[in-house]
Amino acid sequence: MLVIAVTVASCNKKEESVPVPVQEPVKEVYQPKHEQQEVKLEGLQKYNYFQAPQTQAATSVSVDYDQKTPYAKPISVKYTYANGDTYTFVVPADFGLWKNQAGKFRVVSDDKCTVWLQGQSKKGRFMEFVFYGDPQYNGKKIKPNSYRNLPAGEIKYRK
């Protein structure tokens with residue numbers, strides 16, 4: 001009987017350690033930001049330069065406009081970044097692109113994500129827009145050529 005009492009007592013004293021599940025900290029997933037800026041034509045100059053919207057260089061740029069008719073819809077210049085962010089400049093439909101003598105609209109973008117647009121407002125006012133995608137080019141003047149390196153065109157940076 002003594003053996004049974006000792007066995008029962010020792011069984012009661014044993015505490016099995018139950019592994020406590022360790023919760024790993026929740027990793028926050030980066031939520032890409034999608035920003036947009038409307039370009040107001042009122043008060044702008046003939047030549048308008050827009051600095052790169054972020055401190056990092058854009059990985060790509062796309063320009064969306066009506067391929068056949070000026071003034072048909074707003075022009076959007078959309079920059080995409082490595083972290084998934086996007087930034088879009090929207091030029092209103094009151095601005096229409098001019099065509100060059102080859103019949104192509106005067107829209108040029110290069111591998112540095114710089115975009116050049118040339119045209120006029122519906123009121124007949126000449127305007128040129130330059131949108132930079134890489135901050136190292138902010139403030140630099142450019143020399144665009146919509147005839148070279150077709151269909152993309154060519155942009156040369158001045159010092």
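Reply: Happy to; below we take the labels in turn. This is a predicted model, in which local features need pLDDT of at least 70 and side-chain atom pairs count only at pLDDT 80 or more, while totals for chains, interfaces and linings use all residues. Residues are numbered from 1 along each chain as its sequence is written, and side-chain values use heavy atoms, with hydrogens and water left out.

Me: Why is the pair of Y49 and Y132 called stacked?

Reply: Rings of Phe, Tyr and Trp (its six-membered ring) pair if their centres lie within 6.5 Å; planes under 30 degrees apart count as stacked, over 60 as edge-to-face and the rest as tilted. The structure holds 13 aromatic pairs. For Y49 and Y132 the centres are 6.3 Å apart and the planes are at 15°, so the pair is stacked.

Me: What makes this pair tie together parts that are 83 residues apart in sequence?

Reply: Y49 lies in strand 2 (residues 47-50), whereas Y132 lies in the loop between strand 9 and strand 10 (142-145), so the pair joins parts 83 residues apart in sequence. Strands here are DSSP runs of E with at least two residues, numbered from the N terminus.

Me: How do you know which of Y49 and Y132 is buried or partly exposed?

Reply: Buried means under 20% relative accessible area, exposed over 50%, and partly exposed in between (1.4 Å probe, protein chains only). Y132 has 1% relative accessibility, so Y132 counts as buried. Y49, at 31%, therefore counts as partly exposed.

Me: What makes strand 8 largely enclosed by the rest of the structure?

Reply: Six of the seven residues of strand 8 (residues 115-121) are buried, so the strand is largely enclosed.

Me: How do you know that strand 8 pairs with strand 9?

Reply: Two strands pair if DSSP finds at least two bridges between them. Six bridges join strand 8 to strand 9 (residues 126-131), and the two run antiparallel.

Me: Why does D85 have no salt bridge?

Reply: A salt bridge is a side-chain nitrogen of Lys or Arg within 4 Å of a carboxyl oxygen of Asp or Glu. For D85, which is buried, the nearest side chain of opposite charge is K33, 5.5 Å away. D85 is in the loop between strand 4 (75-80) and strand 5 (86-91).

Methods. Helices (H or I, at least four residues) and strands (E, at least two) are DSSP runs, numbered from the N terminus. Lys and Arg count as positive and Asp and Glu as negative; His and the chain ends are not counted.
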